[in-house]
Every structure is written in structure tokens, then in C-alpha cells.
Amino acid sequence: MSRNILVGVGGGIAAYKTCEIVRGLTRSGARVRVAPTPAALRFVGAPTWEALSHAPVETDVFARVDEVLHVELGQWADLILIAPATADLLSRSAAGRADDLLTASLLASRAPVLAAPAMHTAMWENPATAANIQTLRDRGWEFLGPVSGALTGADSGMGRMFDPESIVERALATGRPQDLRGRRIVVTAGGTHEDIDPVRFIGNRSSGRQGIAVAEAARDRGAEVTLIAAHVDAPLPAGVHLVQALSAERLQRSVHEACVGADALVMVAAVCDYRPTRPGAHKLKKHDLGETTSLELTVTPDILAGLTASAERPPVVVGFAAETASGAALERLGTGKRRAKGCDLLVANDVTDGVFGTDENHALLLAADAPPLELHGHKREVADGLLDAVTALLERQSTSTQKEPLS
Ligand SMILES: Cc1cc2nc3c(=O)[nH]c(=O)nc-3n(C[C@H](O)[C@H](O)[C@H](O)COP(=O)(O)O)c2cc1C
């Protein structure tokens, strides 16, 4: 489920941090539009917001009048995030003013509002601001921060904007069904590297983005997430327990450790099938190797099959398979792999067109007792589609356990 998030930016110095927030939201698959106040544009210009959100940006309620933009924006948004929420913006919102595009859109919207105030300590502690915050809270606004720290100028104290990464995390979770609350989910991501010598390795093209999207989606649905990351070329998420496991051997150990007491394992990481049998302790020299050389490889452990056959097997196990096949052939290969690995669900990817390193994916979700389901779109959407199936399986298992007669 992709989300429409309207980011309102107030005229505070923290506006530059909101650039990172917009990037984080779009990277996670949200559709973002930005409505800066006129004062905010004195800190960060419209071209920056347009480039980061991939959407046109206006600040004036009289812009593009034929589209009645404030109503259109207000109805389009399923969440309004205000960062930074300045003292002035809070005051205008509490008074119900509508004198720029952002405040008019706020009034024209029924979407939940999440606001991250940022201002000098004296402004924050002023009774006028406190009263405005209370009024807005009573109307259902949710506030993140502020926190204590260095402020603009020489002062420090309460008034610093909440950490941008955590704002992204909370915005993505707001309004989402918390259907994984109380569940522990282990996710692996990225590709392992197997050392040839201290400078060279065997690796694969996995970027880790799909695994990271699964971890973020599970976190946003309320799960306690452990993300075991091999080599990834995407930012790691906040709000999850991170474990680094760069080789197949390390990944195997980490998966077994993390799966104790877990409800589900989603094994997205691409594990090298082979590793050099005798990795060099020192850099191998070309002049010692000659014109041609060969490398002896040893098969790495089958982590998924080993885990499903072990005592640590969580109730739901999901495997991923990258194949260069499509249609019926992909389904056949994926189904064979699902059975061979002993997992409940398998996501079969056709990687022929280059899925690695992009934000989009298309895959077949294969289960034992359901027809194949096509998952496609942003990797976050694929992650949510997969987690719908994981949630359904977990619920079914809880129900059948409850129904078991007491002996
Ligand atoms: C350098 C500078 C930094 C400012 N930082 C803040 C701030 O962090 N928080 C705040 O509430 N106002 C801050 N202000 C004041 C606001 O820009 C001013 O109140 C403005 O009217 C806010 O308009 P807006 O809320 O419509 O964006 C700052 C002003 C300047 C010149």
C-alpha cells in the first residue's frame, strides 16, 4: 500500500533537515508532495523540494487556481507531516487560519497530522506556544519532539527538531494497521562476500533494497524486527535491531541465533553458493599466479534448508529465489525450491530485466495452499504484499493452536 504524504515545511532553520525526510519517505515508496510556507522558501528553495519529491511545489493558495490546489492537496493526502512546525505555523493552525497553501490544505483535509516542532527554547516554553500545542493535540494532532540539544546560534536546550530518520519511521507507521504488533520478525538482506584474499572476494549483485523494504514494512506494522545485513548499497533503517553478517558462514550463525523465539524469518539475502576453499592470508600476486589460474571453491551451507530443519525454525519461513525465468517456468522453479527448502512461502523473482539495485520489483509469491500471487511495484509495495501473506499465516496458526483441545 503506497501512501500519499503531504509534507508541510515551516520557516525554521531545521527546514534543511526536512530535505532528508522527503528523501527518506520517497525512498520508502511513499508519494510525497511538499507545501512550504513562504518563510520556509527563504531557507530552502522550491527547486530543491520539487527535485526531492518529484512533484511541483507551490506555496500560495492562489497558485494554479483552476485546480483548487488546497482542496485537491487536502483530499489527496492520507497523512500530513509538518516539519519543522514553527511557533508561527502552530499559532496559525491553532487559530484555524488559511492564509497560505499549507494552512488552507490543513483545513481542507481529514488526514491525520503529525508535527515535529522546532524553535528556540524560549519560544517553545512560551505559554502561547504551549496553549497552541494543547489546542492542536485536542484536535488530534500528534507531536514528535522537540528534543533537547544545540539550537540555532549559541544556545542549546529544548527546541531541537526530532531526529529526521525517526520522523520518517513514525510517518510511515502512522495510520498503518499494526497487524504485526507483538510479533518478532527476522529479515536478512544484501549479498554475502566470500574472501579470496584480503582484497578480493566472490560476491553477487544483491543491493539489499528488497530486504530493507521488508524490514521497514514489518517495523511500520508494529513488529519487533531484527535485520541481518550482509553487504548492502542502501541506507539501513532506524527502529530495527541491526546485525551485520558479511559472509555466508556468519549469516548462518546470525540467522540461527536471531530465530530463537521469532515468529517469522524472511530470508531475502543472496548467499554465495560457493566460497574459496583456501582464502589467501596475504594478497595473491599476479606474477605468482601466471597467465591462467584456477580457484578451488567449496559449497557454502544451505542456510534456509538448514534452518527449516532445525529446532530454531520459526512458525513462518519465507525464502526468496532469483531466477532467470518467467511465467510457468518461474512458477515451476520456485515451487520446487519452496518444497526443497521446506519454507512456507517463496518469492520467485525474474531477474532477467535487472531488478538488482533498482527500487522496483516483480515477483511471484508461492504458497503451499494458495494460487501464485503476483507482487509488483515499488519494493516497499512488494514487501507489504508479502507481509499480508505472512500475517495471514501467523493468524491462521494462532487460531488453530487456540482451537486445539486441552489434554
Ligand atoms: C535564521 C532564522 C531562524 C528561525 N528559526 C526558527 C525556528 O527554528 N522556529 C521557529 O518557530 N521560528 C523560527 N524563525 C522565525 C520564523 O521564520 C518566523 O516566525 C516566520 O514567520 C515563520 O513563518 P511560518 O511559520 O509561516 O513558516 C527563524 C527566523 C530566522 C530569521
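Hi everyone. A domain, in what follows, is a stretch whose bounds come from an automatic or database domain assignment. On that basis the protein on the screen is divided into domain 1, residues 4-173, and domain 2, residues 184-401. Please keep in mind that this is a predicted model.

Let me start with how the two domains sit relative to each other. Taken over C-alpha atoms, their centres are 37 Å apart. Seven residues of domain 1 are in contact with seven residues of domain 2. On the domain 1 side, the touching residues split into two nonpolar, three polar and two charged.

Five strands make an open sheet, and if you trace across it the order is 2-1-3-4-5, with parallel pairing. Which strands stand at the edges here? They are strand 2 (31-36) and strand 5 (142-143); each has a single partner strand, so one side of each is left without a neighbour in the sheet. If you zoom in on strand 5, you'll find its pairing with strand 4, residues 113-117, which is parallel and runs over two bridges.

Two cis peptide bonds are worth a look while we're here. The bond from Ala83 to Pro84 is cis, with omega near -10°, and Pro84 is found in strand 3, residues 79-85. Another cis bond joins Gly145 and Pro146, with omega about 10°. Pro146 is in the loop between strand 5 and strand 6 (147-150).

Next, the loop between helix 2 (46-53) and helix 3 (69-76), which is where His54 is placed. The phi of His54 is near 60°, a positive value in a residue other than glycine. Is His54 buried or exposed? It counts as exposed, because it has 11 C-beta neighbours inside 10 Å, and a residue is called exposed at 12 or fewer. Arg64 is found in the loop between helix 2 and helix 3 as well. Its phi is near 40°, again positive in a residue other than glycine. With 12 other C-beta atoms within 10 Å, Arg64 is exposed.

Let's turn to the ligand. Around it are 17 residues, and those that come nearest are Gly11, Gly12, Thr37, Ala39 and Thr86. Which element gives the largest share of this shell? That is helix 4, residues 87-94, with three residues. By class, the shell has 10 nonpolar, six polar and one charged residues.

Let me walk you through some of the pairings. Strand 8, residues 184-189, and strand 11, residues 224-229, pair in the parallel sense over six bridges. Within that pairing, Val187 has Leu227 of strand 11 as its bridge partner.

Finally, have a look at strand 16, residues 316-323. How many of its eight residues are buried? Six are, and the strand is mostly covered. Strand 16 pairs with strand 13 in the parallel sense over four bridges, and there you can see Val266 opposite Val318. Strand 16 also pairs with strand 17, residues 345-350, in the parallel sense over six bridges. In that pairing, Ala321 stands opposite Ala348.

Definitions and conventions: Residues numbered from 1 in each chain as written. Predicted model: local features only at pLDDT ≥ 70, side-chain atom pairs only at ≥ 80, totals over all residues. Near = placed C-beta within 6 Å. Nonpolar A, V, L, I, M, F, W, Y, C, P; charged D, E, K, R; others polar. Pairing = 2+ DSSP bridges. Contact = placed C-beta atoms within 7 Å. Buried ≥ 20, exposed ≤ 12 C-beta atoms within 10 Å, placed from the backbone.
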